[in-house]
Amino acid sequence: MPEQSDHTQIPRHVAIVMDGNGRWARQRGRPRTYGHKVGSSKVHDIVEESKELGIEVLTLFAFSSENWKRPKSEVNFLMELMIQMLKKEIRKLEAKGVQLRFIGQRELLPEKLLKVIADSEARTRNNNALILQIAASYGGQWDITRAARVLAEKVAGGELLPEQIDEKTFAAELAFSDLPDADLFIRTGGELRISNFLLWQAAYAEFYFTDVLWPDFSVDEYHNALRHFSGRQRRFGQTGEQVSG
Ligand code: IPE
Ligand code: IPE
Ligand code: MG
């Protein structure tokens with residue numbers, strides 16, 4: 001394990017926007033799908049390293065609400081790739097104590113993928129070495145809107161008073177409300193944007209952007225991000241003196 005001792009502060013929850021697959025492939029004169037395939041093969045090492053480092057939650061952005069707007073052939077390829085990846089990796093993840101969860105608008109996902117998701121979640125539900133969340137058909141705006149709707153239904157049903165809606169009751173209706181918010185938000189591929197990934201749950205995340213394209217993202221690059229995180233003072237609104245004092 002390289003340079004683990006460098007990190008004095010390990011984030012509890014790391015979230016990654018795995019971006020740059022298409023450009024990586026194009027640079028090599030290959031179709032975008034080739035980039036997705038090579039990119040998907042990089043996930044394994046990052047999951048493994050996260051577990052070794054004692055990170056509790058790793059959330060990977062695999063497919064956004066907006067990615068449905070891509071050409072049908074690319075969308076189909078990505079759905080099939082997720083199915084194949086899950087089938088290939090589930091046994092190892094299960095054995096390693098990884099708990100797999102999916103977040104996103106499930107009803108849009110193909111039936112075949114939903115079956116594999118249900119099976120993977122059921123098989124790993126009691127694992128606790130690392131929680132691996134795959135965000136598929138996920139958007140932060142979808143998550144927040146859905147929570148608002150649930151609360152509105154509770155108010156309409158007389159279960160909840162409008163004045164009882166606060167940050168805590170709202171957060172309780174969001175995806176993975178039982179888990180800590182993101183501490184470290186990594187985006188590969190050079191873009192400096194969130195692209196509708198975690199909105200609420202990244203309120204106090206530290207951001208790390210790298211030009212490295214996802215298929216080139218290595219465990220060493222991951223350590224760079226973790227080192228940056230370790231060097232940051234998280235103040236959560238307080239003064240530096242309050243936090244270090
Ligand atoms: C990220 O890579 C993977 C998904 C969005 C599914 P991209 O496909 O966005 O790659 P670029 O940004 O076009 O290089
Ligand atoms: C974000 O990347 C989504 C994933 C990595 C799954 P995009 O490539 O879709 O983001 P934009 O469109 O460049 O903002
Ligand atoms: Mg992209």
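Colleague: Is phenylalanine 63 buried or exposed?
Modeller: Phenylalanine 63 is buried, because its relative accessibility is 1%. Buried means under 20% relative accessible area, exposed over 50%, and partly exposed in between, with a 1.4 Å probe and protein chains only. This is a predicted model, in which local features need pLDDT of at least 70, side-chain atom pairs count only at pLDDT 80 or more, and totals for chains, interfaces and linings use all residues. Residues are numbered from 1 along each chain as its sequence is written, chains are lettered from A and ligands numbered from 1 in the order in which they are written, and side-chain values use heavy atoms, with hydrogens and water left out.

Colleague: How many aromatic pairs does the structure hold?
Modeller: There are 13 aromatic pairs in the structure. Rings of Phe, Tyr and Trp (its six-membered ring) pair if their centres lie within 6.5 Å; planes under 30 degrees apart count as stacked, over 60 as edge-to-face and the rest as tilted. Phenylalanine 63 and tryptophan 68 are edge-to-face, because their ring centres are 4.8 Å apart and their planes stand at 70 degrees. Tryptophan 68 counts as partly exposed, at 27% relative accessibility.

Colleague: What about tyrosine 204 and phenylalanine 236?
Modeller: That aromatic pair is tilted, with 5.1 Å centre to centre and 45 degrees between the planes. It links distant parts of the chain, 32 residues apart: tyrosine 204 lies in the loop between β5 and β6 (206-209), and phenylalanine 236 in the loop between α8 (219-230) and α9 (240-244). Tyrosine 204 is partly exposed at 46% relative accessibility, and phenylalanine 236 is partly exposed at 47%.

Colleague: Which residues form the aromatic cluster?
Modeller: One aromatic cluster is formed by Phe61, Tyr138, Trp142, Phe185, Phe197, Phe207 and Phe209.

Colleague: Tyr138 again: where is serine 64, and which residues does serine 64 touch?
Modeller: Serine 64 is in strand β2 (residues 57-64). Not counting residues up to four places away in sequence, serine 64 touches Ser137 and Tyr138, where contact means heavy atoms within 4.5 Å. Serine 64 counts as buried, at 6% relative accessibility.

Colleague: And where is leucine 179?
Modeller: Leucine 179 is in the loop between α7 (167-171) and β5 (184-187). Its relative accessible area is 12%, so leucine 179 is buried. Leaving aside neighbours within four places in sequence, leucine 179 is in contact with Val57, Arg101, Ile131 and Gln133. The C-alpha atoms of leucine 179 and valine 57 are separated by 7.8 Å, although these residues are 122 residues apart along the chain.

Colleague: Changing topic, which residues of helix α2 are buried?
Modeller: In α2 (residues 32-40), the buried residues are Gly35, His36, Val38, Gly39 and Ser40. Their cover includes α1 (21-27), α3 (43-53) and α4 (72-95).

Colleague: How many helices and strands are in the chain?
Modeller: The chain has nine helices and six strands. Helices (H or I, at least four residues) and strands (E, at least two) are DSSP runs, numbered from the N terminus.

Colleague: What is the overall extent of the C-alpha trace?
Modeller: Along its principal axes, the C-alpha trace spans about 55 × 50 × 35 Å. Of the 245 residues in the chain, 47% are buried. Among contacts with a separation of 6 or more, 76% are between residues 24 or more positions apart.
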